[in-house]
Amino acid sequence: MNNKVTWKAGTLLAPVPVVMVTCQGSDSKPNIITIGWTGTICSEPPMVSISVRPGRHSYKLIKESGEFAINIPSKKLAKETDLCGVLSGSKYDKFHETGLTIGKSNSIKAPIIMECPINLECKIKQEIPLGSHNMFIAEITSVQITKDLIDNKGEFMTEKANLLGYAHGNYVPIGKSLGKFGFSVKKK
Ligand SMILES: Cc1cc2nc3c(=O)[nH]c(=O)nc-3n(C[C@H](O)[C@H](O)[C@H](O)COP(=O)(O)O)c2cc1C
């Protein structure tokens, strides 16, 4: 029995991370843009991509500065994440609107968002026009982690961080761990 229907080809990949990207252009006013089209693309050097529509206010800031920070939200930041994806920095100060706190980056001018458990500071290596979006390929130059989320072995406590995901237009919580990498072959 065939239990499938064929849909028009589209961006159905899910779940994906949803992140708040901070950027700062030459006017020195920091902005936040919500990005769903992001991913890890290399381990050594650590690299990520974000895809941004060239019409966005943030696109100009990212392009001008050549850098940005990826701030990974927890599920309690779902509302702020959505707000930064519907308001434009051309009209609103999104740090003011959300009440999120500006933090200092180690390696770039753009700030980080203090409330986000993980912050990745990124410097752009390449820009690829793809169609609706331009993809920025960037190297992660510094990582900041909220202290309370590191256990006594120095590991990040993913479950405790309550990270947020995105699937087909919905914000979804990342639930409990079902097993560590390699658990399927681990001897009992
Ligand atoms: C969940 C979500 C995901 C989004 N993903 C992207 C994305 O990957 N790329 C993009 O260009 N815009 C994306 N947007 C839209 C921008 O975040 C939105 O247009 C924002 O208001 C632009 O802000 P700015 O004008 O300050 O640059 C997304 C919005 C939401 C709510």
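Residues are numbered from 1 along each chain as its sequence is written. In this predicted model, local features need pLDDT of at least 70, side-chain atom pairs count only at pLDDT 80 or more, and totals for chains, interfaces and linings use all residues, while side-chain values use heavy atoms, with hydrogens and water left out.

The shell around the ligand has 23 residues, of which T34, S58, L87, S88 and G89 come nearest; a residue is near a molecule if one of its heavy atoms lies within 4 Å of it. By class, the shell has ten nonpolar, ten polar and three charged residues. Here Ala, Val, Leu, Ile, Met, Phe, Trp, Tyr, Cys and Pro count as nonpolar, Asp, Glu, Lys and Arg as charged, and the others, Gly among them, as polar.

A side-chain N or O atom of S58 lies 2.6 Å from an oxygen atom of the ligand. Backbone atoms also take part: an N or O atom of W37 is 3.0 Å from a ligand oxygen, and a polar backbone atom of H57 is 3.4 Å from a ligand oxygen. The ligand taken alone exposes 650 Å², and the protein buries 88% of that (Shrake-Rupley method, 1.4 Å probe).

Strand 3 (30-35), strand 5 (47-52) and helix 1 (57-65) are the elements that give two or more residues to the shell around the ligand. Strand 3 gives the most, with four residues. Helices (H or I, at least four residues) and strands (E, at least two) are DSSP runs, numbered from the N terminus.

Two aromatic pairs are present in the structure. Y59 and F136 form a tilted pair, with 5.6 Å from centre to centre and 35° between the planes. Rings of Phe, Tyr and Trp (its six-membered ring) pair if their centres lie within 6.5 Å; planes under 30 degrees apart count as stacked, over 60 as edge-to-face and the rest as tilted. Because Y59 lies in helix 1 and F136 in strand 10 (residues 134-145), the pair ties together parts that are 77 residues apart in sequence.

Most residues other than glycine have a negative phi, and most peptide bonds are trans. The peptide bond from A14 to P15 is cis, with omega near -5°, and P15 lies in the segment before strand 1 (16-17). E44 and P45 are also joined by a cis peptide bond, with omega about 0°. P45 is in the loop between strand 4 (38-42) and strand 5. N162, in the loop between helix 4 (158-161) and strand 11 (164-167), has a positive phi near 50°.

Note on methods. Polar contact = N/O pair within 3.5 Å; in protein donor to acceptor, adjacent residues only side chain to side chain.
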